[in-house]
Amino acid sequence: MLALILMGVIALLLRNRLAKLLLYVFQVLYAGFAFYVFFQVKETGPIIWNTGGYTDGLALSLYADSIAIFMVLMTAVFYIAFLVYATREDYFEPRFQFLFMTLQGVMMGLFLSSDLFNIFVFLEVSTVVVAILIMFNKEKQAIYDGMIYFFVNVIGTAFLLFGIGMLYRTFGLLDIRAIKEAMSLLESPHAVVLPYGMMMVTVSLKTAVTPLFSWLPKAHGTPSAPPVVSAVLSGLYIKSGVYMFIRFNDMFSPVIDMHVFFFWIGFFTSLIGFIMALGQKDIKLILAYHTVSQIGLIMMGINMASEIAFWGAVYHIFNHAIFKSTLFLTAGMIYEEYGTRNVYQIRGLFKRMPWVAVATTFAILGITGAPFFNGSISKYMIAHGTYDYGVTILLNIINLGTTMSFVKYATMLFGNNPKEGRAKSDFFALSACVVMGIASFFTGIFGEGLTQFFFNYEVHVNVDEYIQKGMVYVLMIVAGVAFYHGIIKHGGLITRIGHAELTFNGIITAMAGYFIVVVVYLSLML
Amino acid sequence: MKPLDFITGEIVGILLFFIGLYGLMTKKTIVKTIMSMSIMESGIFLFYITINYTVGSVPPIGQAQEAAFVDPVPSALMITAIVIGIGVTAIGLTMFMHYKQKHGITHWSRNRDQTGSDH
């Protein structure tokens, strides 16, 4: 983890071609090391590193269990693709490399750290790094968006710090696993209601659930941020929030069980995410709002209180990282080529940039959950978490929404080419996109094997049911096309909804309100 | 119990935190946002260093055993947190100064600049 930051510093100092080469070699080695640790965890169970020779629970420690190491592995492997993509871009200079690698190191820290205060420190550092990456081009809109991102997240982490303080006051401990053990000895659960509320505000802010997502499209879809930054933020960084959600809820699990509340929060996040996405015409903003929607789906899966849905959600984290990164990377190439981000003006992608179009198609099929693609497997697993008819309908509504707005997104692929001939694209960027796109196909086909491999969890996809889902999917595409031609094309109300957003003060007020709602709900429940 | 006993570090800390939050919710000036953020953080620092404090305890230095030791962990954490807080405030101010000098804007604007998305 530290090695990554060091590597960034070396890249900053060397400032030449050698540094770049070193960066790739290092990244590949690092991914290899992650694989090695992954296999170790798989064989021998969780690994714990304690600093300074103190006993476990008191020392600052790093802790790797199967989910943590899976996230680390995912980050390390995807970074290879991102680095390859960015090779020839102008912004890929030493300063950028330094920040980019630091962000990776900090993410690893977040995934592995078992100490609450360290998590706070990593969150602060990552906020600073991400804010600077967003405004790397120093454009007016980018600086404004970066500032909103920065302040909102700093205030959010202040909530976390306060929550940690209250926990420390009760338990005198900072280690997540130690607190979990101490939690069951509590006399009255009311002592942890406030810290729980505080910590959930931070985590919900980081995962961008319903009232608190307003910063996300600003940060991820800001017009001038480099595409590779958007891809990292949307594909990987946002997952650190989901991961913390899993961790913190596990920590509080002996006393507090909020899965019903967060299931509905997840549903509304999903719903609002795609409704807002329908109203956008900027391709980057469409993708950013879809991140909100997919995060909602993941939250639903995690909070269904069933094992298969939980692992389905974790697998969806992985899948979402693949296809959303691909979409952001290809979107970057598309708007550079066409000089516009307006989805209605980009046409004829298959004729102009065939390979990019292929990658985009694969990713779209993945995100909408087409049969044989990765999205379908994880959505299948999430849907299997329930036998309740109502919940199945909710899931289908979300899927329909996703399909609808990706029908709109897919109109870019067809139509007439405004200019004759094919565009020349950068080979490295292209290969990264295509590999990621194809990956979304293969992780779908080998979905059963992969979940077994990553999580030691066996899934058997029932063929009949799967075919049935396939039929539903075809119906949804038809419905999506119909909706697109009937309603969305004419704009009106949906466009207006899409442009509604909170101001800075609004976001903070939403945060305070969210805190009060969580605390009141909990006090009533306990 | 004297009336002033209510005013402990913890309670003042919590009050400061929410005063800061109120400032963040209502003020539209960016400088005031940064100030409210600092107030909020000071509240947290005060809360931490008075956690589990009993009157008459001594710092855990040396071998003296007459009185109870103060828990050193919160103070150690707060040194780190204060440093981070200073860094964050500095970065926030830098961003704001850059933004103001280039574009002359000192308030959070009502809506996103829609012209930026077409280019």
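Here are some questions about the terms, each with a reply.

Me: How do you know what kind of model this is?

Reply: Glad you asked: this is a predicted model, and the values below are computed from it.

Me: Why is Thr330(A) called buried?

Reply: Buried means under 20% relative accessible area. Thr330(A) has a relative accessible area of 0%, so it is called buried. This residue lies in helix H13 of chain A, residues 307–338. As for the whole of chain A, buried residues make up 65% of its 526 residues.

Me: Why is the meeting of Arg169(A) and Glu10(B) called a salt bridge?

Reply: The term asks for a side-chain nitrogen of Lys or Arg within 4 Å of a carboxyl oxygen of Asp or Glu. Here the side chains of Arg169(A) and Glu10(B) are 2.8 Å apart, N to O, so the pair meets the definition. The count between chain B and chain A is 1 salt bridge. There are also 6 residue pairs in polar contact between these chains, both residues at pLDDT 80 or more.

Me: Which helix gives the most to the side of chain B that touches chain A?

Reply: That is H3(B), with 16 residues. By class, this side of chain B has 27 nonpolar, 13 polar and 10 charged residues.

Me: How is the size of an interface often given?

Reply: It is often given as the accessible area lost when the parts come together. Between chain B and chain A the buried area is about 4,500 Å², and carbon and sulfur atoms give 71% of it. The contact takes 50 residues from chain B and 49 residues from chain A.

Me: What makes residues 75–96 of chain B a "transmembrane region"?

Reply: That name comes from the UniProt annotation (unreviewed entry), which also covers residues 6–25 and 37–55 of chain B. In the model, residues 75–96 of chain B are 100% helix and 0% strand, with end C-alpha atoms 31 Å apart. For residues 6–25 of chain B, the span is 85% helix and 0% strand, with end C-alpha atoms 27 Å apart.

How values were computed:
Residues numbered from 1 in each chain as written. Chains lettered and ligands numbered in written order. Predicted model: local features only at pLDDT ≥ 70, side-chain atom pairs only at ≥ 80, totals over all residues. Heavy atoms only, no water. Contact = heavy atoms within 4.5 Å. Buried area = accessible area lost by both parts, 1.4 Å probe. Polar contact = N/O pair within 3.5 Å; in protein donor to acceptor, adjacent residues only side chain to side chain. Helix = DSSP H or I, 4+ residues; strand = E, 2+ residues; numbered from the N terminus. Nonpolar A, V, L, I, M, F, W, Y, C, P; charged D, E, K, R; others polar. UniProt positions renumbered as here; feature names shortened; annotations may be inferred. Buried < 20%, exposed > 50% of the residue type's maximum accessible area, 1.4 Å probe, protein only.
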